[in-house]
Amino acid sequence: MGASLPPKEANLFKLIVKSYETKQYKKGVKAADSILKKFPEHGETLSMKGLIYNCMDRKTEAYELVRHGLKNDVKSHVCWHVYGLLYRSDREYSDAIKSYRNALKIDPENIEILRDLSLLQIDYGVQLAEQEPAQMRDLSGFVETRQQLLTLKPNHRMNWIGFAVAHHLNSDPRKAAEILEAYEGTLEEDYPPYNERYEHSEMLLYKVSLLEECGSPERALEELNKKATRIVDKLAFKEQLASLFLKLGRFNEAEATYRSLLAANSENYRYHEALQKCLGLSLEGGKHSPEHVNKLTSLYKSLQEEYLSSAAAKRIPLDFLENEEFRKAADNYVRPFLTKGVPSLFSDLRPLYDHPGKADILGGLILEIEASLQNNGSFSGRSQKEPPSTLLWTLFLLAQHYDIRGQHDLALAKIDEAIVHTPTVIDLYLVKGKILKHAGDLVAAAALVDEARSMDLADRFLNSECVKRMLQADQVDLAEKTAVLFTKDGDQHNNLYDMQCMWYELASGDSYFRQGSLGRALKKYLAVEKHYADMTEDQFDFHSYCLRKMTLRAYVQMLKFQDRLHSFPFFHRAAVGAIRCYLKLHDAPPKVTVDEEGGFVGLSPSERKRIRQKQRKAEARAKKEAEEKAKEEEAANIAATKSGKRGSQHSKVIDLDPDGQKLLQVEDPLAEATKYLQLLQKHSASRLETHLLSFELNIRKQKMLLALQAVKRQLRLDPDDPEVHRCLIRFLHKVDSLPPAQTSTEKLVQNVIEIERPSLGVPHDKSLLEVNESFLENHRDSLVHRAAAAEMLFLLSPERKEEAIKLIEDSVNNIGPSRDCAFGRIMAWKLKSCVSVHKLLETTFHDTSAASRWGLLCAEMFPFSTYFKGVKSSAVPGSVNYQACSKEDNSDLGKNQNKIIEAFTHSVNGDIPDLKDLKISAPVESHQTC
């Protein structure tokens with residue numbers, strides 16, 4: 001126990017604790033100072049004052065006071081508890097747990113310390129990548145701590161529930177159910193009272209889910225029926241009941257229950273999927289059998305008759321129907337949406353384009369609808385006239401169909417026709433910009449979306465779309481000026497960061513990376529990582545709340561969600577971007593020396609010293625001025641608050657490193673990249689990109705076994721990917737070129753690689769040239785695969801450079817008509833692939849002649865591409881797109897065309913806008929013949 005205080009000071013100490021809990025920090029500091037005047041070495045008071053200072057962002061003083069207090073009273077559980085809270089606030093979880101355990105050694109029955117310890121044990125605690133990796137949840141310790149809390153306060157409901165949840169999370173749902181059963185035994189017969197019915201209902205549903213999870217569905221069903229009258233959430237009750245019927249094989253009862261659920265919500269796809277399982281009509285090997293198709297057809301025919309307004313009942317059959325049946329169903333499905341004018345119709349139909357043959361059927365259907373509307377003003381087979389907007393949305397849908405098929409000329413022709421029909425519909429401009437972006441003209445797409453934004457300046461969505469397209473076109477300054485229109489107080493950087501606007505940070509980071517500004521790119525990528533750390537931190541407040549409010553099922557789902565939080569796309573993109581920055585920094589470190597940076601070339605040592613001193617003084621002066629300005633703003637806010645006026649709620653944070661130069665000052669970029677790679681390997685192991693980066697990183701670090709591991713995982717995920725083939729050949733070529741092993745470790749590594757060589761698909765009697773030739777034979781019709789084989793041929797035999805280039809130039813673009821000649825021709829080559837090949841010829845083969853020939857060929861194929869300077873692109877003076885980008889409002893957009901050659905390979909979520917006066921020169925009729 002801590003040193004005792006006289007009654008007056010003891011009351012003041014209680015006031016300190018109360019002030020801390022009620023966030024009256026100044027009052028608490030004043031009380032602490034009063035005690036310290038008489039007892040300047042009182043450890044607990046020093047610790048509490050330090051804890052309050054920590055809340056006032058005076059961390060250095062806080063740590064000094066707490067450590068001083070602990071030193072003066074090392075046997076005080078209060079000092080150790082405060083020390084743990086201090087570490088906890090800085091996310092030093094392991095040190096916080098140690099402090100709590102030391103406090104419990106002194107006071108093992110302290111409820112507050114036990115509760116804080118349990119929260120840390122269950123808290124995930126993922127730290128930033130630059131820190132040491134945090135441990136996983138301490139579930140066994142969590143069980144032990146919750147048991148102690150239950151033993152100390154067995155009449156507290158929250159302790160029972162916490163103990164049950166601890167066993168559930170520790171993979172023992174049966175024990176958790178037994179604990180809840182024991183808790184129910186302590187309750188009175190008339191429990192719960194009316195105001196606690198919902199909490200008790202949630203506990204009962206949680207108990208049923210535990211019984212189901214531990215493999216006792218019969219007992220779970222019995223418990224559910226037994227407690228049915230006490231369950232308030234009737235929808236959850238029905239869903240749980242249907243799930244148990246299905247799991248027990250009681251299909252008739254399950255079918256009846258799911259049909260009743262569909263009657264309440266016929267748009268719920270989970271109910272439809274479960275109903276199919278009840279009827280034995282689930283997928284077999286990824287495809288429905290003909291018998292299943294017939295049964296499903298009759299099922300959904302009856303559901304469509306029963307639920308006339310259900311879109312799901314009409315949409316689901318499109319997934320399993322084929323040929324003429326599919327065409328009829330699709331026709332019935334799209335007509336009402338075209339009449340209503342639903343812009344998202346194509347997004348709904350988009351998954352059907354992955355089914356063989358359905359894209360052609362949809363294209364023919366839409367063309368037929370368009371022709372009927374153009375000629376008769378009505379759908380085929382109907383005499384009722386359609387409103388003029390139906391034709392507009394049909395053209396809108398048809399343009400998106402051509403766009404996804406890569407027929408950008410036809411897509412632009414149709415969207416231009418729609419714009420002429422109704423020039424005031426903003427969605428038309430968004431899709432037109434999207435088409436141009438896919439066609440390779442990012443500058444024109446950015447200009448178009450800015451035009452669309454100007455049609456409705458109060459629309460935040462249009463503003464965001466505009467910012468994204470400008471960032472894709474590497475127009476960062478203009479994007480920032482546009483973003484500031486919808487940020488608070490015109491401070492876009494801090495405001496967007498506070499709002500965790502990750503799409504903006506990722507798009508900015510990608511743009512900076514393309515422009516070679518690695519420092520700024522790293523700042524953006526690391527900001528996204530910080531957001532994910534904040535999300536992890538935010539879960540801490542829910543541990544006690546969920547147990548108190550009994551939202552147990554949602555609580556467990558939240559914890560499971562937290563476990564996979566870092567596998568989500570935004571974090572993956574940020575980590576990948578950071579790794580690529582560090583790899584580029586390793587491959588091409590900054591060549592500018594310190595002397596050159598400071599302009600010291602040709603100066604004497606004394607002059608250099610004098611200039612450095614001036615620079616240091618200027619930096620110190622700027623820092624002091626920034627601090628004084630921040631203090632003045634804080635004082636002004638306090639004065640405004642006292643006078644009843646509303647001051648500035650947030651003082652601007654001054655960024656002392658806006659260019660991210662400090663982030664580039666790392667001794668070992670590969671070590672920094674490794675920290676992020678470990679996060680990807682843990683949370684995104686199923687993504688091929690993770691293992692491609694692992695190979696690139698480890699081959700540079702000369703970690704041959706880790707590089708071997710990366711190649712094996714790549715082959716397991718996608719052995720036919722051209723990047724995987726590159727990694728395989730590069731790895732084995734690197735191994736073959738290593739000098740003879742000298743040490744026992746090197747010999748062991750080489751022996752392991754030789755043993756594993758056949759598992760890579762490369763027998764000992766087969767040369768790498770033969771492996772490369774075999775890969776080429778298997779993928780002779782693919783441009784990207786031929787390019788990979790050619791690159792590896794040049795790597796293995798540099799003297800065969802001309803042969804390798806000929807492999808690429810002999811590639812055939814399989815241009816063939818669709819099933820319907822009205823669709824025009826569909827090219828096999830994609831713009832992204834052609835750009836990659838051009839860069840390969842320039843940077844790897846160093847053949848400007850071949851690169852020029854390839855560029856001319858692709859310029860004809862992709863006339864809208866700014867990279868290849870196609871005749872219709874904004875990169876060519878005199879073209880329509882060039883004129884659109886040269887407008888007065890968008891004059892800045894055409895200045896950086898050479899910097900966006902890679903932009904379209906870095907897509908950002910969302911659609912893209914466009915400009916109404918950007919039209920295709922060819923008439924529509926010219927595309928209607930083969």
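Predicted model: local features only at pLDDT ≥ 70, side-chain atom pairs only at ≥ 80, totals over all residues.
1. Aspartate 409 counts as partly exposed, at 26% relative accessibility. Residues are numbered from 1 along each chain as its sequence is written, and side-chain values use heavy atoms, with hydrogens and water left out.

2. Aspartate 409 has a partner. Its salt bridge is with lysine 872, and the closest N and O atoms are 3.9 Å apart. Lysine 872 sits in the loop between helix H46 (848–861) and helix H47 (880–885), and aspartate 409 in helix H23 (residues 408–421), so the bridge ties together parts that are 463 residues apart in sequence. Lysine 872 is partly exposed, at 25% relative accessibility. A salt bridge here is a side-chain nitrogen of Lys or Arg within 4 Å of a carboxyl oxygen of Asp or Glu. Helices (H or I, at least four residues) and strands (E, at least two) are DSSP runs, numbered from the N terminus.

3. Now the overall picture. The protein chain has 47 helices and 2 strands. It runs to 930 residues, of which 50% count as buried. Take the contacts between residues at least 6 apart in sequence: 63% of them join residues at least 24 apart. Contact means heavy atoms within 4.5 Å. The accessible surface of the protein chain comes to about 46,200 Å², and 52% of it belongs to carbon and sulfur atoms. Areas come from the Shrake-Rupley method with a 1.4 Å probe; for residues, only the protein chains shown count as cover.

4. How many salt bridges does the structure hold? The count is 55. One of them joins the side chains of lysine 38 and glutamate 9, at 3.2 Å from N to O. Lysine 38 belongs to helix H2 (residues 25–38) and glutamate 9 to helix H1 (residues 7–21), and the two are 29 residues apart. Their surroundings contrast. Lysine 38 is exposed, at 52% relative accessibility, whereas glutamate 9 is buried, at 4%.

5. Glutamate 689 and arginine 580 also meet in a salt bridge through their side chains, at 2.9 Å from N to O. Glutamate 689 lies in helix H38 (residues 688–700) and arginine 580 in helix H33 (residues 569–587), so the bridge ties together parts 109 residues apart in sequence. Glutamate 689 is partly exposed, with a relative accessible area of 26%. Arginine 580 is partly exposed too, at 34%.

6. Check arginine 91. It has a positive phi of about 65° although it is not a glycine. Is arginine 91 buried or exposed? It is buried, with a relative accessible area of 16%. Arginine 91 is placed in the loop between helix H5 (77–89) and helix H6 (93–106). It also takes part in a network of salt bridges that links Arg88, Arg91, Lys530, Asp534 and Glu537.

7. Glutamine 500 is another residue other than glycine with a positive phi, near 55°. Its loop runs between helix H28 (492–498) and helix H29 (502–514). Glutamine 500 is partly exposed, at 28% relative accessible area.

8. Look for a cis peptide bond too. The bond from tyrosine 191 to proline 192 is cis, with omega near 5°. Proline 192 is in the loop between helix H10 (173–185) and helix H11 (197–213).

9. Which residues gather in a patch of positive charge on the surface? They are Arg610, Lys614, Lys617 and Arg621. Lysine 614 has its place in helix H35 (residues 605–642). Lysine 614 counts as exposed, at 56% relative accessibility. Patches are made of residues with over 30% relative accessible area and no salt bridge; like charges are joined within 9 Å, and nonpolar side chains (Val, Leu, Ile, Met, Phe, Trp, Tyr) within 5 Å. Lys and Arg count as positive and Asp and Glu as negative, while His and the chain ends are not counted. The place of a charge is taken as NZ of Lys, CZ of Arg, CG of Asp or CD of Glu.

10. Last, histidine 355. It lies in the loop between helix H20 (345–349) and helix H21 (358–376). Histidine 355 is partly exposed, at 28% relative accessible area. Histidine 355 and glutamate 322 are 33 residues apart in sequence and 9.6 Å apart in space, C-alpha to C-alpha.

How values were computed. Buried < 20%, exposed > 50% of the residue type's maximum accessible area, 1.4 Å probe, protein only.
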